[in-house]
Amino acid sequence: MRILILFLVACSFQVQAQKSQIEAPLMHSVYFWLKNPNSQSDQQAFEAAIQKLIETNPQGISTYLGKPAATEIRGVVDNSYSYAYFMTFASREAEAAYQTDPTHLRFIEAAEHLWNKVIVYDAVPLSSKN
C-alpha cells in the first residue's frame, strides 16, 4: 500500500513539473514606451484603449498584457518599456488581417499620442516553414 501511495505521489509531481508550451503558429510581441510613463492618467488611458482592443479584436487566439517585472538588474535585461503586449495568431494571414482590422486601427488612433516608441517582434515556431 505504501508503495502505491509513493508511486501516486511521484506521478503527481511529474505531472506538475511538465511545462506547457504556447500553441500558436505566430507570436506577436509588442513593447510600448509611454511618453509620460509615470503619469497615472496616461497609464489609465493606454490600458483602457488596449483592453478595448483585447476585448473586441477577432483575429487573436490569446493575449497577455503586462508591465516590466522587478527582476534582477542584469546587462541582458531591458525593463525600460512601459507595457508588453503579446498576441497569438492562427496564421500569418490572420496577423496581416489584424494590421488593417478596425479594432486595431481604433486602438492606434486612441493611444498613439501616449507613446514615443513601439517595437514589435513577430515569431513563428521552429517547426514552421514561414
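**View 1. A111 and its contacts across the fold.** Welcome to this predicted model, where we start with a single alanine. Beyond the residues up to four places away in sequence, A111 touches F46 and A49. A111 belongs to helix α4, which covers residues 102–111. A111 is buried, and its relative accessible area is 0%. Another residue to look for here is A48: A111 and A48 are 63 residues apart in sequence, yet their C-alpha atoms are 9.2 Å apart in space.

**View 2. Helix α2 alongside helix α4.** Now let us take in the helices themselves. Helix α2 spans residues 40–56, and the axes of α2 and α4 come within 9 Å. The two axes cross at roughly 180°, which makes α2 roughly antiparallel to α4. Which residues make the contact? From α2 come F46, A49, I50, L53 and T56, and from α4 come T103, H104, F107, A110 and A111. Sorted by kind, the residues of this contact of α2 with α4 are seven nonpolar and three polar, with no charged ones.

**View 3. Helix α3 meeting helix α4.** Helix α3 runs over residues 92–100 and packs against α4 at an angle of about 50°, with the axes 5 Å apart. That angle makes α3 oblique to α4. On the α3 side the contact is made by Y98, Q99 and T100, and on the α4 side by P102, H104 and L105. The residues of the contact of α3 with α4 divide into three nonpolar and three polar, and none is charged.

**View 4. A closer look at H104.** Is H104 buried or exposed? With a relative accessible area of 9%, H104 is buried. Setting aside residues up to four places away in sequence, H104 touches L53, Y98 and Q99. With Y98 there is a detail to find: the backbone oxygen of Y98 lies 3.3 Å from a polar atom of the H104 side chain.

**View 5. The four-stranded sheet.** Four strands form an open sheet, and their order is β2-β3-β1-β4, with antiparallel pairing. The edges are taken by β2 (62–66) and β4 (115–123); each has a single partner strand, so one side of each is left without a neighbour in the sheet. On average, neighbouring strands of this sheet are turned by 15° against each other, direction ignored.

**View 6. Strands β1 and β3 as a pair.** Strand β1 holds residues 26–34 and strand β3 holds residues 83–89. Over how many bridges do they pair? They pair over seven bridges, in the antiparallel sense. To find your place, look for S29, which stands opposite F86 in β3. As a general point, strands of a sheet pair through backbone hydrogen bonds, either parallel or antiparallel.

**View 7. M87 and its surroundings.** We finish with a methionine in strand β3, M87. M87 has 1% relative accessibility and therefore counts as buried. Apart from its neighbours within four places in sequence, M87 is in contact with L26, M27, H28, N57, G60, S62, T63 and Y98.

How values were computed. Residues numbered from 1 in each chain as written. Predicted model: local features only at pLDDT ≥ 70, side-chain atom pairs only at ≥ 80, totals over all residues. Heavy atoms only, no water. Pairing = 2+ DSSP bridges. Helix = DSSP H or I, 4+ residues; strand = E, 2+ residues; numbered from the N terminus. Axes fitted to C-alpha atoms, helices over the stretch in contact; angles between N-to-C directions. Buried < 20%, exposed > 50% of the residue type's maximum accessible area, 1.4 Å probe, protein only. Contact = heavy atoms within 4.5 Å. Parallel < 35°, antiparallel > 145°, perpendicular 65-115°, else oblique. Nonpolar A, V, L, I, M, F, W, Y, C, P; charged D, E, K, R; others polar. Polar contact = N/O pair within 3.5 Å; in protein donor to acceptor, adjacent residues only side chain to side chain.
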